[in-house]
Amino acid sequence: MEIILSPSILAADFVKLGNQVGDAERAGARWLHIDVMDGVFVPNISFGFPIIESLRKRTNIVFDVHLMITEPERYIEKFIDAGADIVTFHAEATDNTDECINMIKSRGKRAGLAIKPKTPIDAVMPYLDRLDMALCMTVEPGYGGQEYIKAVDEKITALRAAAGKDFLIQIDGGVTAANIAEPIAAGANVIVAGSAVFNGNVRENMKELDAVCARL
Ligand code: DX5
Ligand code: ZN
């Protein structure tokens, strides 16, 4: 199974953001995970459009935008205008999941639906046919550097069984080279890593994660 690694810039040094993204790309990253937090859906605020627009001018890497914002339908168009290639929003954040998917797909972009660790996969199932990706959060959304919640592996197994072999199942939160094997064995094929990529030497870290994935 092909594994995609999506480094999360939440853990980057924002003073050196352009260089760090360049390092990740040179180390082979094809996706970049971009965490948008509104201080309402999650108890933290990250960044918004200007950062995405600035980065978009410098790179063609796939922008994997994870919206941790309430009522994402208010802003999906603007995130696509800013440069998103994949827009993932939370099932818990909207009553208009169908409308959100339509907004993303009608612009020719890929749509992802995210669920928090305690949200059952039932929240995703009705939309599987129209989604490009499901994101199973493996920490409570809001902060980088938290510990991986192992109980989520069972949801990944169930989702993989329901979604078939080619569907994108993303995990996000607490991933390290030491614990990456279990979620992949369970069926995850898109791995987000923030601290594990951007804390320390980006190239070395990417190499280590890639090496583990290659052995699986
Ligand atoms: C958490 C974010 C994650 C975060 C992961 O709410 O969605 O993408 O950056 O960071 P690490 O890999 O450090 O847990
Ligand atoms: Zn994320």
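Residues are numbered from 1 along each chain as written, and chains are lettered from A and ligands numbered from 1 in written order. In this predicted model, local features need pLDDT of at least 70, side-chain atom pairs count only at pLDDT 80 or more, and totals for chains, interfaces and linings use all residues, while side-chain values use heavy atoms, without hydrogens and water.

Biologist: What makes Ser195 a polar contact of ligand 1?
Modeller: A polar contact is a pair of N or O atoms within 3.5 Å. A polar side-chain atom of Ser195 is 2.4 Å from an oxygen atom of ligand 1, so the pair qualifies. Asp35, at 2.6 Å from a ligand oxygen, and His33, at 3.4 Å, also meet that limit.

Biologist: Why is ligand 1 said to sit in the largest pocket?
Modeller: Sitting there means that more than half of the molecule's atoms lie within 2 Å of the pocket's grid points. Ligand 1 is assigned to the largest pocket, therefore it passes that test.

Biologist: What is a pocket here?
Modeller: On a 1 Å grid over the protein atoms alone, an open set of points with protein on both sides within 12 Å along at least five of seven lines; lining residues have an atom within 4 Å of a point. The largest pocket is lined by 25 residues.

Technical notes
Polar contact = N/O pair within 3.5 Å; in protein donor to acceptor, adjacent residues only side chain to side chain. 1 Å grid on protein atoms, 1.4 Å probe; cavity = no way out; pocket = protein on both sides within 12 Å on 5 of 7 lines; lining within 4 Å.
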